[in-house]
Amino acid sequence: MELNETITTLEVTAKSKKKSQEKKWNKKISDYNNYLEEYLKHYKKAIKGNAVSLSTYPYFKLKFEYSNIKLNMAIKEGLLTKKQQAAIFKIQSKIVNMCIK
């Protein structure tokens, strides 16, 4: 293999790894949003006395909080793109908006 072929191969590998990491974090952000949505849905039902939701909402709350910790660490370490960070902040604003109501 020549030097130019090696450099091109390394560049392609690096780009492919970056895309893979981006997809992984996009999945985590999607899960983060889903955990919040489920938590809020079951929390509202639990307040109204729904027994199933009363036992279910704590699970989604914990999953959401764990995801929140992981994503905040990723932001601090610079692993996320600006677009991914904006998506996280948008999800977090849902919590703030719910607390205000």
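His-42 sits in helix α1, which covers residues 3-47; helices here are DSSP runs of H or I with at least four residues, numbered from the N terminus. This is a predicted model, where local features need pLDDT of at least 70, side-chain atom pairs count only at pLDDT 80 or more, and totals for chains, interfaces and linings use all residues. Residues are numbered from 1 along each chain as its sequence is written, and side-chain values use heavy atoms, with hydrogens and water left out.

With 12% relative accessibility, His-42 counts as buried (under 20% relative accessible area; exposed is over 50%, partly exposed in between, with a 1.4 Å probe and protein chains only). Its neighbours by contact (heavy atoms within 4.5 Å) include Thr-56 and Phe-60, leaving aside residues up to four places away in sequence.

Now for the rings. The whole structure holds five aromatic pairs, meaning ring centres of Phe, Tyr or Trp (its six-membered ring) within 6.5 Å, with planes under 30 degrees apart stacked, over 60 edge-to-face and the rest tilted. Two of them look like this:

| Pair | Centre distance | Plane angle | Type |
|---|---|---|---|
| Tyr-32 and Phe-64 | 4.6 Å | 10° | stacked |
| Tyr-43 and Tyr-57 | 5.4 Å | 75° | edge-to-face |

Tyr-43 is in helix α1 and Tyr-57 in helix α2, 14 residues apart. Tyr-43 is partly exposed, at 29% relative accessibility, while Tyr-32 and Phe-64 are both buried.

Zooming out, the protein has three helices and zero strands.

Technical notes. Helices (H or I, at least four residues) and strands (E, at least two) are DSSP runs, numbered from the N terminus.
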